[in-house]
Amino acid sequence: MSDLQVDRVRTADDTSSLLAQKTDKSEWWRAALGEYPTGVAIVTSLDDAGAAVGMVVGSFSVVSEHPPMITFMPARTSTTFPHIEAAGSFTVSVLGETHRDLCRAFFQSTEDRFRDEDWIPTGSSGPRLRDAAVWFEAGISAVHPAGDHSIVVGAVRDFGVGDGGSGLPLLFLRGGYGTFASSSGSVTPRDVGLNVREADALRQAVESAAEELRVQCGFATVIRDSVVVLAASRAGESSVPLVGMSFPFAAPLAPVLAAWAPPEQVRLWEEGARHLLGIVDREHLGTTLERVRGRGYALSVGESPGQPFDSVVTDGESRRSDYSRLWHQIDQEMRTLANAGTRAARALQIPIFDPDGHARFELYLGPFPDTLGPDRLAEILRRARQLVDELSADLDGAPPAGYPAVFEAPPSP
Ligand SMILES: Cc1cc2nc3c(=O)[nH]c(=O)nc-3n(C[C@H](O)[C@H](O)[C@H](O)COP(=O)(O)O)c2cc1C
């Protein structure tokens with residue numbers, strides 16, 4: 001509102017001189033433009049010898065629906081556009097995320113950019129990419145000069161989608177390539193209510209805890225019905241939590257995130273088990289949570305479940321039946337080893353508390369080597385207990401009343 005008011009009292013002269021100052025510095029202009037995301041397309045046509053020509057554009061857009069008309073804006077300096085204009089028609093292939101190298105090849109005018117297997121000839125309009133996200137063939141209906149570019153308007157003759165091999169459409173933003181992530185699939189610190197300072201403090205804590213204790217660390221939280229890994233120490237060769245990796249928030253995994261949680265989150269955890277295991281054994285789960293609360297942490301046990309776990313969780317193709325099989329296996333193992341003490345300790349999970357005393361995050365330490373002895377475990381438990389206080393304080397949180405002041409190792413049978 002106040003910006004608008006300021007604009008109204010500026011005179012036209014003021015505004016144009018401000019603009020002149022800014023566009024004088026063309027890097028400012030480019031930086032400003034870089035904030036606007038565009039798709040990326042290759043416009044092709046044929047030169048007068050019948051050879052394919054093409055250029056990368058970010059300026060492709062749709063002009064009209066009835067009749068269908070499209071546009072792109074070539075620079076006046078483009079050496080390709082005169083051929084397109086002379087041909088009188090062109091083809092637009094919208095690029096997918098796998099086309100980054102091809103895009104560079106065009107940008108750098110590399111020789112073999114029209115490899116036969118990639119392109120389908122379309123007659124006079126120039127070839128189209130076999131796996132274009134979408135393509136359009138058009139006849140040029142107008143070319144309007146506009147500053148150092150031209151606005152080319154094309155009447156669409158045909159259009160279609162490619163063979164689906166190029167993934168999601170390629171996007172260009174701030175001088176770099178990326179692609180679209182739907183809000184349901186991508187997670188930023190802000191999505192989980194973290195500000196930059198908190199996210200950074202937790203990230204550093206993960207790195208330094210990993211270094212100090214010589215074990216890998218990751219921290220995770222519950223987002224909707226999934227546990228999502230938000231930060232992880234650098235990957236080693238064994239199984240590691242990868243940032244962005246997610247798996248169902250379903251009992252009996254991630255008990256720390258249910259042991260100090262509001263009732264609706266506990267219910268989510270239990271219902272997740274119903275979904276994957278077919279039943280909810282409330283009594284057993286109640287005992288599990290009681291034990292975790294009593295100790296202040298959870299100890300993962302068993303023959304390294306890392307391998308099957310990682311392969312199911314990191315494989316984008318995994319189905320409910322794969323998760324279900326994995327959950328059955330883990331559930332079985334956890335029941336068998338419930339009283340194994342420290343014998344089969346694989347990893348430690350500790351809560352990071354918010355100001356309400358809820359476990360907002362879990363810090364995961366592990367996997368431990370097979371040779372982890374009692375002294376080493378005691379050392380890890382001691383430091384882990386301090387980390388609960390330190391990391392919770394980073395979030396202005398603290399352990400709730402009754403939280404153990406010391407982490408005892410579980411009694412061995
Ligand atoms: C992402 C991206 C978007 C581009 N968009 C345009 C555009 O809209 N118009 C244009 O003239 N050049 C654009 N370019 C630059 C041209 O692809 C490049 O300068 C091209 O080689 C044109 O010069 P040429 O016709 O002489 O080969 C873009 C380049 C990239 C990497």
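**View 1. Arg214 sits in the loop between helix α6 (196-213) and strand β13 (217-223).** In this predicted model, Arg214 has a positive phi of about 55°, although Arg214 is not a glycine. This value deserves a second look, because most residues other than glycine have a negative phi.

**View 2. Two cis peptide bonds, one ending at Pro67 and one ending at Pro252.** The bond that joins His66 and Pro67 is cis, with omega at about -5°, and Pro67 belongs to the loop between β4 (61-64) and β5 (69-72). The bond from Ala251 to Pro252 is likewise cis, with omega near 5°, and Pro252 is found in the loop between β15 (246-248) and α7 (256-259). For context, most peptide bonds are trans.

View 3. An oxygen atom of the ligand lies 2.7 Å from a backbone N or O atom of Val56, while a nitrogen atom of the ligand is 2.7 Å from a polar backbone atom of Gly58. From the side chain of Thr79, an N or O atom is 2.5 Å from an oxygen atom of the ligand. On its own the ligand has 620 Å² of accessible area, and the protein covers 78% of this.

**View 4. Helix α8 (residues 263-277) packs with helix α11 (residues 320-336).** Their axes are 8 Å apart and meet at an angle of about 110°, so the two helices are roughly perpendicular to each other. His275, Leu276 and Leu277 of α8 make the contact with Arg320, Tyr323, Ser324, Trp327, His328 and Asp331 of α11. These contact residues divide into 4 nonpolar, 3 polar and 2 charged.

Definitions and conventions: Residues are numbered from 1 along each chain as its sequence is written. This is a predicted model: local features need pLDDT of at least 70, side-chain atom pairs count only at pLDDT 80 or more; totals for chains, interfaces and linings use all residues. Side-chain values use heavy atoms; hydrogens and water are left out. Axes are lines fitted to C-alpha atoms, for helices over the stretch in contact, and angles run from 0 to 180 degrees between N-to-C directions. Helices (H or I, at least four residues) and strands (E, at least two) are DSSP runs, numbered from the N terminus. Angles under 35 degrees count as roughly parallel, over 145 as roughly antiparallel, 65 to 115 as roughly perpendicular and the rest as oblique. Contact means heavy atoms within 4.5 Å. Ala, Val, Leu, Ile, Met, Phe, Trp, Tyr, Cys and Pro count as nonpolar, Asp, Glu, Lys and Arg as charged, and the others, Gly among them, as polar. A polar contact is a pair of N or O atoms within 3.5 Å; within protein, one must be able to donate a hydrogen and the other to accept it, and residues adjacent in sequence count only if both atoms are side-chain atoms. Accessible areas come from the Shrake-Rupley method with a 1.4 Å probe; for residues, only the protein chains shown count as cover.
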